[in-house]
Amino acid sequence: MSYFSLRALTKSYDSHTALQEFNLELSKGEFVSIIGESGSGKSTLLRIAAGLLTQSSGEVLLDGKKIENPAEKLVPGYDEIKLIHQDYQLFPNTTVEENITRPLLNYEEGYRKQRVAHLLDRLGLTPYKDRLPKQLSGGQQQKVAIAQALAVEPEVLLLDEPFSHLDAIQKRKLIQELKELLQEMDTTVIFVTHDLDDALWLTDSLVVLQKGKITQKGNSKALCEHPKSKYVARLFSSINALPDREQAYIRPADIRIRTRGGFVGHVVDQRFLVHYNTLQVRLREGGQLWEVDDPARKYQIGDRVYLHIQEEKVLLLKS
Ligand code: ADP
Ligand code: MG
């Protein structure tokens, strides 16, 4: 049963169409990530989904009820649908605890205190509850913004690249904590990002948005194994164009290095990764640069290598 529905959403700004016939149906408690480059329409989509921006056409339904847009509703937005973005605004002159309490001022005091204490605890903010926002790190401030949005227990949480200010380690930790909390609350979540890695920490279910249109959706395995475009393929790893065939590509992991035959090249650079090395190989014919995995960490700069591709792993991709 669909719980949160985005149906045929289209948005044009003057002559420019930022979003075109976007459809997505989520069941209660489902998590989906939308991946798209800057300018692909992600923020436009989430603002419409939250009832904060008026669409040109299409509709948003929550549990069968139509979400009204700012043209239809006096005070735009809904308590049931919260949008968190990168440039969150905390109240600068009130403490962390007061910031989180503010959305709950109309609630009964006992509940309010318990709810705020719970969120402070779950997000690891209890030691900082009496500080002002400016006395916190970027990651801690972001957590306060998240706690503030979750205070009223929204049914739907829309995350618009909210972790962009954080470093990789902070980001993973926060996403992991948030994931557990949202699963407990049975919140329905749409996370938009340009970064596949971030998305995969939160969800396995992916929608790819390009120029305002969905170009592919599925779980991470399906998209990785059967990408329809170069853009989708490159989300997962780099790809090497085959010199002798149009629109045919091979991933670094699907190349085998042997002692003869295949494409001949020499190693011009090498990079250490946790599970393997990668090599940059200059092909003798055509002079292309390929990236090749070296799981045995056997090859050095200057070595000659013979590269064999696994035919069933060749990707045929549109641009
Ligand atoms: P993303 O969040 O994926 O970067 P946006 O939804 O912000 O993308 O923008 C999608 C497209 O719509 C971009 O081409 C952007 O320039 C355009 N756009 C966004 N907001 C406006 C606006 N208020 N007026 C005109 N064009 C806009
Ligand atoms: Mg955006």
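Me: How many nonpolar, polar and charged residues does the shell around ligand 1 have?

Reply: One sorts the residues around the ligand by class. In this predicted model, the shell around ligand 1 has two nonpolar, seven polar and two charged residues. Among the residues around ligand 1 are Tyr13, Ala18, Glu37, Lys42 and Thr44.

Me: Which polar atoms of the protein lie within 3.5 Å of an oxygen atom of ligand 1?

Reply: Polar contacts are pairs of N or O atoms within 3.5 Å. Histidine 16 has a polar side-chain atom 3.1 Å from an oxygen atom of ligand 1. The backbone also takes part: a polar backbone atom of glycine 39 is 2.6 Å from an oxygen atom of the ligand, and for a polar backbone atom of glycine 41 the distance is 3.1 Å. Ligand 1 exposes 560 Å² when taken alone, and the protein buries 59% of that.

Me: Turning to another residue, is lysine 143 buried or exposed?

Reply: A residue counts as buried under 20% relative accessible area. Lysine 143 has a relative accessibility of 14%, so lysine 143 is buried. This lysine lies in helix H4 (residues 138-150).

Me: With which residues is lysine 143 in contact, leaving aside its neighbours within four places in sequence?

Reply: With those neighbours set aside, lysine 143 is in contact with Leu123, Leu125, Leu174 and Glu177.

Terms used:
Residues numbered from 1 in each chain as written. Chains lettered and ligands numbered in written order. Predicted model: local features only at pLDDT ≥ 70, side-chain atom pairs only at ≥ 80, totals over all residues. Heavy atoms only, no water. Near = heavy atom within 4 Å. Polar contact = N/O pair within 3.5 Å; in protein donor to acceptor, adjacent residues only side chain to side chain. Areas by Shrake-Rupley, 256 points an atom, 1.4 Å probe, with all protein chains shown as cover. Nonpolar A, V, L, I, M, F, W, Y, C, P; charged D, E, K, R; others polar. Helix = DSSP H or I, 4+ residues; strand = E, 2+ residues; numbered from the N terminus. Buried < 20%, exposed > 50% of the residue type's maximum accessible area, 1.4 Å probe, protein only. Contact = heavy atoms within 4.5 Å.
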